[in-house]
Each structure stands twice: as C-alpha cells, then as structure tokens.
Amino acid sequence: MKLRDYLPPENIVLDLAPPSKAILIRQLAALAAERLALDAGEIVRVLTNREALGSTGIGAGIAIPHANVQGLDRHFCLFARLAKPVDFEAVDDEPVDLVFLLLNPQNRSDHLNILSCIARRVREEEVAAAIRRATGVQDVHSRLCPANL
C-alpha cells in the first residue's frame, strides 16, 4: 500500500488557520465535500461522532481524523498543514499542526491499512520536520509520498 495512491497533490492544503478543533473539522469536511460532491454536514457529523469515541490526535503534533461516509465509493485522503497548532485533545496533550483526513466507504475495513501507512510515514521525525518547513504543495507531497515508497 502506498500513500501516493490515496493522496494526490491537489488534496494537500497548506497554512489552514482554524482557531479550534471543531472549526478545523468543519473546514476539512467542507474541503472534502467540495471535492467529493457530498454533504459537508454529514461529513462533520460522522467525524464528530468518531472523535467522541476518542481523539484521533496520535501525538507529536499529528492527527488523523477518519470516519466511514455513506455514499462514498472510494477512500478519500486530504492533508492539511496548519498555520498555527490547535488543541486536538491528542494522546500526548500536544496541539496538532499536521492533519490527515481519511474518509472511507461504508462496510469496508481496509482503511486500517491506510491509517497505518499514514501513521508510519508521518511519525518519522525527519519526515514531519521536512513537512513543517516545506515551502509548497509539491514539496510536501514529495516528502509524504516519495517515489520509492
């Protein structure tokens, strides 16, 4: 499984500036809804319900909000680098600035492989640092999705 199969450059957003976790989720849902022609309110609802089970903030400034979405026929991934970290109730209580949104079709369990792929890649300290200092979308994409991985 390769992250580049799920994360095209056009799904990378830099310097998003939400003031809170709730607004971040709404912004991510709006971006996804626009790209997928789905209802943003429904995406917010499923993401919020998933976050109520426990934060998807995995630590080290990284969050991977994810949920199953009715009407989705393929996995959808979006990456946002935030202009300023926000409290995401992460496991380490640190604010997040690197956020992957993963939306999945109903009744499929293969999203766990994608979650694992994302977590392994971005938990590498040098990769996260390079993403934080990258100057453009292509630079971020090449760090997240190198040709050899």
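**View 1. Arginine 121 and its salt bridge to glutamate 124.** In this predicted model, arginine 121 counts as buried, at 14% relative accessibility. Its partner in a salt bridge is glutamate 124, with 3.5 Å between the closest N and O atoms. Glutamate 124, at 31% relative accessibility, is partly exposed. A search of the whole structure gives 7 salt bridges.

View 2. In helix H2, arginine 45 pairs with glutamate 42; the closest N and O atoms are 2.7 Å apart. The two residues are 3 apart in the helix, and therefore separated by about one helical turn. Arginine 45 is partly exposed, with a relative accessible area of 42%, and glutamate 42 is partly exposed at 24%. In helix H5 (residues 137–144), aspartate 139 and arginine 143 are 4 residues apart, about one turn of the helix. Their side chains form a salt bridge with an N to O distance of 3.2 Å. Aspartate 139 is partly exposed at 24% relative accessibility, as is arginine 143 at 34%.

**View 3. Lysine 21, phenylalanine 88 and threonine 56.** Lysine 21 lies over the face of phenylalanine 88, 4.6 Å from the ring centre. Salt bridges link Lys21, Glu51 and Glu89 in a network. Threonine 56 sits in the loop between H2 and strand S2 (57–59) and is buried, with 4% relative accessibility. Beyond residues up to four places away in sequence, threonine 56 touches Arg50, Glu51, Ile62, Ala63, Ile64, Pro65, His66 and Phe88.

**View 4. The aromatic pair of phenylalanine 79 and phenylalanine 100.** The structure holds 1 aromatic pair. The ring centres of phenylalanine 79 and phenylalanine 100 are 4.8 Å apart and the planes meet at 50°, so the pair is tilted. Phenylalanine 79 belongs to strand S5 (residues 76–86) and phenylalanine 100 to strand S6 (residues 96–105), so the pair ties together parts 21 residues apart in sequence. Phenylalanine 79 is buried, with a relative accessible area of 0%; phenylalanine 100 is likewise buried, at 0%.

**View 5. The nonpolar cores.** The largest nonpolar core has 28 residues, of which Leu24, Leu28, Ile43, Leu101 and Leu103 touch the most other members. Two or more residues each come from strand S1 (12–16), helix H1 (21–36), helix H2 (40–53), strand S4 (66–69), S5 and S6. H1 gives the largest share, 8 residues. Apart from neighbours within four places in sequence, isoleucine 43 contacts Ala29, Ala32, Ala33, Leu38, Val69 and Leu103. A second, separate core of 22 residues includes Ile62, Leu102, Ile114 and Ala128.

Note on methods:
Residues numbered from 1 in each chain as written. Predicted model: local features only at pLDDT ≥ 70, side-chain atom pairs only at ≥ 80, totals over all residues. Heavy atoms only, no water. Phe/Tyr/Trp six-rings, centres within 6.5 Å; stacked < 30°, edge-to-face > 60°. Buried < 20%, exposed > 50% of the residue type's maximum accessible area, 1.4 Å probe, protein only. Lys NZ or Arg CZ within 6 Å of the ring centre and 35° of its normal. Core = buried A, V, L, I, M, F, W, Y, C linked by side-chain atoms within 4.5 Å. Contact = heavy atoms within 4.5 Å. Salt bridge = Lys/Arg side-chain N within 4 Å of Asp/Glu carboxyl O.
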